[in-house]
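Work through the exercises below with the sequence and the 3D structure at hand. Each task is followed by a solution in steps.

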Amino acid sequence: MKKVLSVFLCALIICAGFAGCSGPNNEMTEENITQTVNEAVTALQEFDTEKLGKYIDSQTLSIIMGYADKHEQFAELGRAIFKNLQVEIKEIDIENATVTISVRNKNLSETAGDFAKKLKDTYSTIKLLKLLNDESFLDQKLSELCSQIEEDTMKKVPTDIELKITQGKKNLVLTFDENAENAVSGGALTAIKKIYS
């Protein structure tokens with residue numbers, strides 16, 4: 001009986017050990033950095049705001065995530081923007097806490113810029129801020145933008161960007177500056193910011 005109990009406890013400890021190692025943690029290792037990049041890319045493609053908040057530090061994405069948590073139309077827009085995102089890790093620099101990735105997405109700068117310009121020409125900033133809580137307005141306008149994004153073509157040449165890595169409480173976090181936001185969004189985020197700056 002003692003032998004059976006010992007084997008059972010041993011198996012339980014081994015299983016617990018594997019469970020603890022199943023996801024990325026906040027140790028600065030190549031494996032954790034690679035897993036963090038993969039988790040971040042999946043979070044972008046699915047526009048999973050919980051995971052985005054966990055793995056990515058981005059000022060612009062944080063604003064969009066706030067709207068996406070309140071309005072499904074913004075989550076759908078996020079999925080449309082990042083659906084075709086392709087990322088390849090080029091270099092991991094543990095000493096400097098950076099990762100260089102090659103990024104390729106659709107070329108969305110013209111589509112996003114034209115969309116933002118039409119909105120700015122049609123609505124005052126105050127009126128537009130009010131409309132961001134109007135479900136029928138969001139349904140119409142953001143579905144139009146998603147349809148236009150669907151028709152855009154992929155960029156031919158990928159862009160290399162360097163991301164700073166920080167250690168969160170439970171996992172590593174990738175910091176996206178404006179260049180990174182622009183690259184992963186196919187130019188969409190920068191194009192919109194230029195119109196409203």
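Ala, Val, Leu, Ile, Met, Phe, Trp, Tyr, Cys and Pro count as nonpolar, Asp, Glu, Lys and Arg as charged, and the others, Gly among them, as polar. This is a predicted model, in which local features need pLDDT of at least 70 and side-chain atom pairs count only at pLDDT 80 or more, while totals for chains, interfaces and linings use all residues. Residues are numbered from 1 along each chain as its sequence is written, and side-chain values use heavy atoms, with hydrogens and water left out.

**Exercise 1.** Describe the lining of the largest cavity by class.

Step 1. A cavity is a set of points, on a 1 Å grid over the protein atoms alone, where a 1.4 Å probe fits but cannot get out; lining residues have an atom within 4 Å of a point.

Step 2. The lining includes Leu85, Ile101, Leu174 and Phe176.

Step 3. Sorted by class, the lining holds 11 nonpolar, no polar and no charged residues.

**Exercise 2.** Which helix gives the most to this lining?

Step 1. Helices (H or I, at least four residues) and strands (E, at least two) are DSSP runs, numbered from the N terminus.

Step 2. Helix H2, residues 30-46, gives the most, with 4 residues.

**Exercise 3.** State how strand E5 pairs with E1 and with E4.

Step 1. Two strands pair if DSSP finds at least two bridges between them.

Step 2. E1 (residues 56-57) and E5 (residues 172-175) run parallel, over 2 bridges; isoleucine 56 has leucine 174 as its bridge partner.

Step 3. E4 (residues 159-167) pairs with E5 in the antiparallel sense over 4 bridges, and a hairpin of 4 residues joins E4 to E5.

Definitions and conventions. 1 Å grid on protein atoms, 1.4 Å probe; cavity = no way out; pocket = protein on both sides within 12 Å on 5 of 7 lines; lining within 4 Å.
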